[in-house]
Amino acid sequence: MEMLDVFLAVGILITVSILMTMYRVFRGPTTLDRLMATSVIGTKVVVLLVVIGYLFERPIFVDIPLTYAMLNFVGTLIVAKYIERGELWKPYT
Amino acid sequence: MEALHVVSALLMFSGVFFMIAGALGIIRFPDFYTRLHAAGKCDTLGEVLIILGFIVYEGFSFLSVKLLFLSFFILLANPVGTHALIRAAYLTGVKMWKKEESQ
């Protein structure tokens with residue numbers, strides 16, 4: 001079993017876990033459930049991009065996951081802050 | 001396969017196990033707070049383990065320092081995002097799960 005097969009298996013299993021998380025995006029009871037599942041998918045995609053970079057033997061693509069992780073973190077934090085202040089809408093009160 | 005490749009493959013598969021366990025918890029748990037518990041712990045541990053496996057596979061180079069920065073950033077940023085989400089949910093009044101409601 002070569003190392004590329006290990007990378008391929010890890011990529012496929014990460015994709016399976018992303019598809020399992022998509023269930024909570026489609027049918028979350030609250031808006032915060034969907035936001036949480038989207039954030040989790042974003043951090044899974046970061047690792048998936050590293051795996052794809054090693055799988056296609058161009059591991060210099062690590063710069064793109066770094067930027068994507070920072071953008072995902074800032075987006076989640078800002079949307080959570082707006083919902084907490086109640087400036088967008090009043091969801092559950 | 002060399003010994004270091006076996007060690008990195010073991011780290012990657014344990015990380016994948018934690019990620020799939022976290023996804024199962026996100027599907028199966030009954031409440032927003034418990035779902036966020038599964039998401040925060042399992043996903044942070046799984047991603048850091050997978051990137052640690054890549055660091056072991058790569059050896060000591062410029063690329064492994066970049067991967068180390070990426071895993072350190074995920075280790076810092078993921079619990080902060082989880083804390084912000086759970087604070088927003090508590091302040092806007094998402095209901096907690098009780099045992100009598102399920103019967």
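This is a predicted model: local features need pLDDT of at least 70, side-chain atom pairs count only at pLDDT 80 or more; totals for chains, interfaces and linings use all residues.
Residues are numbered from 1 along each chain as its sequence is written, chains are lettered from A in the order in which they are written, and side-chain values use heavy atoms, with hydrogens and water left out.

In this interface, 43 residues of chain A are in contact (heavy atoms within 4.5 Å) with 44 residues of chain B. Four salt bridges are counted between chain A and chain B, each defined as a side-chain nitrogen of Lys or Arg within 4 Å of a carboxyl oxygen of Asp or Glu; one salt bridge joins A:Asp63 to B:Lys66, with the closest N and O atoms 3.0 Å apart.

The structure also holds one cavity of 30 Å³ or more, a cavity being a set of points on a 1 Å grid over the protein atoms alone where a 1.4 Å probe fits but cannot get out. The largest cavity contains about 230 Å³ of space, the volume being that filled by probe spheres set on points joined across faces, edges and corners. Its lining comprises 19 residues, of which A:Ser39, A:Thr43, A:Asn72, B:Ala77 and B:Asn78 lie nearest the centre, lining residues having an atom within 4 Å of a point.

Technical notes. On a 1 Å grid over the protein atoms alone, a cavity is a set of points where a 1.4 Å probe fits but cannot get out, and a pocket is an open set with protein on both sides within 12 Å along at least five of seven lines; lining residues have an atom within 4 Å of a point.
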